[in-house]
Amino acid sequence: MLDVILKRVSVRNYAPTDLSLGIRSRIDQVLGSVEPGHFGHQSRFALIGRAAAQAEERVKLGTYGFIKGVRYFIAGAVGMGENAEVDYGFALERIILEMTALGLGTCWLGGTFSRKEYGKVLKLAEGDFIPAVTPVGHSAEKRGTVERLVRWGAKSDSRLPFEQLFFTQDFSTPLASADAGRFAEVLEAVRRGPSASNKQPWRLVQRDDGWHFFLVRTPGYGKLVKAADLQKIDMGIAMCHFEIAAHALKLPGKWHDANPCIAAPEFGEYLVSWG
Ligand SMILES: Cc1cc2nc3c(=O)[nH]c(=O)nc-3n(C[C@H](O)[C@H](O)[C@H](O)COP(=O)(O)O)c2cc1C
């Protein structure tokens with residue numbers, strides 16, 4: 001899974017082919033095995049065929065032209081509540097990595113999809129919402145023009161340097177990869193994660209008792225998409241990558257809520273700890 005984390009990339013252009021029955025049943029198996037997240041929210045997911053949605057529910061599953069050629073989506077819902085998006089982000093990123101391992105393309109969509117239509121197909125229960133969805137399918141051979149523009153706009157191929165994301169003791173002491181010891185690879189897995197508009201809002205502070213996760217928000221970003229807190233989804237993705245990498249490297253630890261009362265930077269808030 002560590003290799004898969006490094007291999008995953010957003011795919012917006014797909015080969016217009018169906019998924020085989022074997023692949024679809026494997027996907028159903030993955031979707032059926034989702035457990036509640038650290039904050040107690042259970043997300044539920046479904047594989048939705050575009051043609052079936054149109055025939056049965058008379059809905060067009062739109063992506064505002066961002067995604068081309070795809071025939072399937074994985075969409076999910078979770079009950080509204082504190083940190084629901086974090087748990088959803090954790091769960092859907094795990095699914096996305098399983099899809100990557102199967103050789104399939106995916107792309108997190110938190111803004112560019114028509115929430116109402118997906119809601120009809122999922123038959124949303126009262127109090128549930130859809131934080132994000134992903135197309136799933138075989139990648140087209142080449143990237144399209146829209147895709148290249150989006151990647152250029154979000155600077156999708158780059159990530160912030162290690163020292164701007166990870167710290168030791170407090171936010172005034174950056175942590176270099178060479179000083180992160182056995183955790184260097186774990187932090188690299190976090191750093192390589194996808195995030196909404198590639199804003200990378202996750203920050204980690206190392207102390208003797210473990211790693212403390214902070215969300216440092218991009219000012220004004222919440223106004224772009226009001227239906228879900230996309231930067232909390234990013235935090236769930238960071239937790240997912242951290243846990244997968246720590247387990248792969250057999251580093252002990254688990255999630256707990258233990259606010260270390262470290263002074264956070266402007267727009268920063270504590271979320272969770274690992275230790
Ligand atoms: C929570 C979340 C929401 C996103 N929403 C969109 C979206 O609405 N449309 C889109 O084209 N890409 C979306 N993305 C994809 C990001 O732009 C992409 O992950 C980032 O630029 C890094 O590129 P990479 O995934 O290829 O590594 C989203 C990613 C995340 C994590």
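In what order do the 5 strands of the open sheet run? The order is E6-E7-E8-E10-E9, and the pairing is mixed. Strands here are DSSP runs of E with at least two residues, helices are runs of H or I with at least four, and both are numbered from the N terminus. Two strands pair if DSSP finds at least two bridges between them.

A word on the source. This is a predicted model: local features need pLDDT of at least 70, side-chain atom pairs count only at pLDDT 80 or more, and totals for chains, interfaces and linings use all residues. Residues are numbered from 1 along each chain as its sequence is written.

E9 pairs with E10 (residues 268-274) in the antiparallel sense, over 2 bridges. His-256 has Ser-273 in E10 as its bridge partner.

Next, what packs on the sheet? H9 does, touching E7 (202-207), E8 (210-216) and E10. Touching means C-beta atoms, placed from the backbone, within 7 Å. The direction of H9 makes about 155 degrees with that of E8. Axes are lines fitted to C-alpha atoms, for helices over the stretch in contact, with angles from 0 to 180 degrees between N-to-C directions.

H9 (residues 230-248) also meets H8 (residues 184-191): their axes come within 8 Å and cross at roughly 150 degrees. That makes H8 roughly antiparallel to H9, a term for angles over 145 degrees. On the H8 side, the contact involves Glu-185, Val-186, Ala-189 and Val-190. Their partners in H9 include His-241 and Phe-242.

Definitions and conventions
Angles under 35 degrees count as roughly parallel, over 145 as roughly antiparallel, 65 to 115 as roughly perpendicular and the rest as oblique. Two residues are in contact if their C-beta atoms, placed from the backbone, lie within 7 Å.
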